[in-house]
Structure formats: C-alpha cells, structure tokens
Amino acid sequence: MSANSCFVAVLIARSHDRFRLCNVTDTAFQQAKGQAAANSLLREHVDRVVDRMQPAEGIQSFDSSEVTYFALKGPVLTCVVVGNKSSSIVQQHGPAVLENAACTLLDQIQSEFLAHYPAEVVMAANKPFQFLNWDRQLTKLLRTAQLNMQKSAASAAPHPSATVGAHTTLSRRTAAQGAAVSGGGGADGSSPAYDALKKELASVHGVMKRNLDDILTRGESLETVSAYSAQLKDGTQGYYKRTVHMNRMRMLQTYGPPAFVFVMVLVWVWWYLS
C-alpha cells in the first residue's frame, strides 16, 4: 500500500462486546501524515466509531475531514474500513466509487475471516488482537480492492456529479425496510412519499455526520490537552529537583569554606588551651 491508497486501515472486532481481534494500517499513510496524526485517524477514531455504532446490523458510514469510516456490523463480527478521501481515484471520480468498493471489501473481509476462523473460535477468543497473524490476508484484500478500483476507474470517465448516488450502496442492506416504510411507492422511488422519506433520511444522515465529526474533534483535542498536561507536570517536577540541588550546591560553595575555617580555629584554640 502507498500514501495514495484508497483504503488505509482495517479493524475487525467481535460484535456483541466490541472485542478487538485483528487490524492492519497503511505504514506509508502513517509516514505521510505523521505518526501522531495517523494514529489519531487510523486507531483512536476507529475505536470511537466501533463504540458509537448503531445497534442495528448493516453497513454504516461516518465522515471525517480526511477519511471516511465504513463499518459493517454482523451477528458475529464488526468490520471497519478507513477510506482515504485524498486518494487520486476518489478525487477524480467522487466518493461513490469509494463507497461501492468499501461495501464489497467489507463483505469479503467478513466472509473470508469467518471461513478461516469459525464463529465458535471467534467467540472463544480472550486475548486482544488474537488473530493478528491474519494481517497478511487483510493486506492482500486491500491491494485487490485497490486494483479493482483502478480498473473500474480507468474504464469510467470522471463524473462531476458522482456524489449524487454516493449512498445508494450503503442503503442496499436496508432496502427491504425502506420498501416497507414507503408502502410500495414504486421501484424507481418516484412517489412523493418516497421522495419525502429520502430527503428526511438524507437530513438525518447529515446531522449524524456533523455530530460524529464534532465528537471526534473534541475527543482528539481533549487527548492532546491531557498529553500536554502530563508532559508539563513531568517537566515541572524535574525543574523543581534541579533547582533544589543547585540551591544546595550554591549554599555549600558560599558558606562551606568560612565554616571549615571557623571549625579549624575552634579546634586549634581547644587544643592550645588544653
């Protein structure tokens, strides 16, 4: 993988208790963004996404300023894929191609992981990241998804309105629920009731994205302030110890010689008088 990869991190966790099982991150992306910034985007925020997912099963997406988090929750596994919004393919063809590839990739990760580690093995896992040796297969799946995106992008011209259908793939897992709510308003979704429901869902989705961005930004700021506070406390304690030592040495240099001479004079007088 490279810094221009479309997918830069994957996390696999157990669904019922969010127990982390396996993950992989793009080292080139970490080097390009810096270790601290990359860890915040690829690890800390991914953990928050897993903790804040809706209880319903299916695919969910969470937007950030630089990446998009795609999460698939199943009965056994929860998989999170981090998409790079700055990659050249996404910049040229819009986020729809990234979301389509993310949905396919999530299905592949979940099916292949469960084929290699059955559900009873996953449920019996008791060590964090116990299946970390599966990271090679994860890296292989990410590279395959990257190649497939490049092939599909090469055969399709850039479309300026690619964001219009950006969430059609993500809504495929709730298509049956949507049909039930809309009351069978037609396959093409042209009924007024379907259009109103679609607008309402888009509005709610936008609000959820903004709220998540605020939560992630606030959490990152609090963690940064906490780290600075700890560093300041350690530095203050070290400075205090050095100051005490310097004051003692200065007092010894100032009053040590006169005190020594005075003691020697007292000893000499005592010896002389005795």
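## Terms and model

Buried means under 20% relative accessible area, exposed means over 50%, and partly exposed lies in between (1.4 Å probe, protein chains only). This is a predicted model, in which local features need pLDDT of at least 70, side-chain atom pairs count only at pLDDT 80 or more, and totals for chains, interfaces and linings use all residues. Residues are numbered from 1 along each chain as its sequence is written, and side-chain values use heavy atoms, without hydrogens and water.

## A nonpolar patch

Trp268 is exposed, with a relative accessible area of 52%. Trp268 sits in helix α8, residues 192-273. (Helices are DSSP runs of H or I with at least four residues, strands are runs of E with at least two, and both are numbered from the N terminus.)

Trp268 also belongs to a nonpolar surface patch of about 1,200 Å². Among the other members are Phe260, Met264, Trp270, Trp271 and Tyr272. Patch residues have over 30% relative accessible area and no salt bridge; nonpolar side chains (Val, Leu, Ile, Met, Phe, Trp, Tyr) are joined within 5 Å, like charges within 9 Å. Accessible areas come from the Shrake-Rupley method with a 1.4 Å probe.

## Two salt bridges

The whole structure holds two salt bridges. Each needs a side-chain nitrogen of Lys or Arg within 4 Å of a carboxyl oxygen of Asp or Glu.

Arg14 pairs with Asp17, with the closest N and O atoms 2.8 Å apart. Arg14 is buried at 6% relative accessibility. Asp17 is partly exposed at 35%.

Asp63 pairs with Lys85, with the closest N and O atoms 3.9 Å apart. Asp63 lies in strand β3 (58-63) and Lys85 in the loop between β5 (77-84) and α3 (88-93), so the pair ties together parts 22 residues apart in sequence. Asp63 is buried at 18%, and Lys85 is partly exposed at 26%.
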